[in-house]
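Subject: Structure for your review

Hello,

Here is the structure I said I would pass on. My notes on what was found follow it.

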Amino acid sequence: MAALLLNFRNTIIASFVLALIFIIGYGFDGVGFNEIFLQGVFRWLHVASGILWIGLLYYFNFVQIRIMPTIPAELKPGVSKYIAPEALFWFRWAALSTVIWGLAIAGSRHYLVNVLTLGVVSDTGGIDAKYTLLGAGMWLALIMAFNVWFVIWPNQKIALGLVEADADAKAKAAKTATLFSRTNTLLSLPMLVTMTMSQTIFG
Ligand code: HEM
C-alpha cells in the first residue's frame, strides 16, 4: 500500500479505477447507460476539474502570492523555478477541462444556447431566471478561464523568467498576473453560487 501511495501517478490511477467502479455501479443500478448517465459522468469530470482549478487558484491567492514577499531572496527561486511552473501547468489545463465538461453538461441538458444568451432564448418565450442566473455564472467562469489562458499564464511566463525579459517587464507582468488572479478569486464565489444552487432550486 505504501508503495502505491508514495507514487503520485499510481495513486491517481488507483483513484480513477475506484471512481470507475462507482460509475459503472451507477450505470447498472441507476438509469442505465443512457444520456442521463452520461450527464452524471460529465458532472463528475466537471467538478473534479473545477476543484483542481479553483483549488490551485486559492493556493496561489491564499498562500503563495501573500507569502512570497516574506520569503528570503535566496529561497524565492524554490517557488518561482520549481513550485509555480508546475502549479501553473495543472492550473491552466484544469481550467480548460472544467470549461469543456461544463459546456458538455449544458449541451447534454439541451440548454447551452439558453444559458449563453442569459435566458433571453428560453422555452417559455419570456426571460427564464434559471438560465439567466446559471448563464451569468457560466459567463463569469468563462471570463475566469480566459484570464487564466490569455492573461495570467502569458504574464506568469515573463514574471517567472520562463521567457526572456528585463527586470521592469518582469515586475509589470507579475503585477498584471496578480491583479487578474485576484479578479478570478473575486469572481469565484458568486460563480460557485450559480453552479451549486441551480439544480437544487430549479431541478
Ligand atoms: C466555464 C466554466 C464552467 C462552465 C461552462 C460550467 C457549467 C456548468 C453547468 C452547465 C452546470 C450544471 C448546472 C445545472 O444544470 O444544475 C455546472 C454545475 C456545477 N459546476 Fe460548473 N461550470 C464552469 C465552471 C465551474 C467551476 C470553476 C467550478 C468549481 C468547482 C464548477 C463547479 C460546479 C459544480 C459543483 C456544479 C454542480 C454539479 C451538480 O449539482 O451536480 N463549475 N457547471
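Helices here are DSSP runs of H or I with at least four residues, numbered from the N terminus. Please keep in mind that this is a predicted model.

Ligand shell. The ligand is surrounded by 24 residues, and the closest of them are G50, G102, A141, M195 and Q199. Four helices each contribute at least two residues to this shell: α3 (35-67), α4 (76-108), α6 (129-159) and α7 (167-202). The largest share is that of α3, with 7 residues. By type, the shell holds 15 nonpolar, 7 polar and 2 charged residues.

Nonpolar core. The largest nonpolar core has 30 residues, and W53, F91 and A95 touch the most other members. Two or more residues of this core come from each of α3, α4, α6 and α7. Here α6 gives the largest share, 11 residues. Leaving aside residues up to four places away in sequence, A95 touches W53, A145, V148 and W149. As background, nonpolar side chains in soluble globular proteins tend to be buried together.

Regards

Definitions and conventions:
Residues are numbered from 1 along each chain as its sequence is written. This is a predicted model: local features need pLDDT of at least 70, side-chain atom pairs count only at pLDDT 80 or more; totals for chains, interfaces and linings use all residues. A residue is near a molecule or strand if its C-beta atom, placed from the backbone, lies within 6 Å of it. Ala, Val, Leu, Ile, Met, Phe, Trp, Tyr, Cys and Pro count as nonpolar, Asp, Glu, Lys and Arg as charged, and the others, Gly among them, as polar. A nonpolar core is a set of buried Ala, Val, Leu, Ile, Met, Phe, Trp, Tyr and Cys residues joined through C-beta atoms within 7 Å. A residue is buried if 20 or more other C-beta atoms lie within 10 Å of its own, exposed if 12 or fewer, and partly exposed in between; C-beta atoms are placed from the backbone. Two residues are in contact if their C-beta atoms, placed from the backbone, lie within 7 Å.
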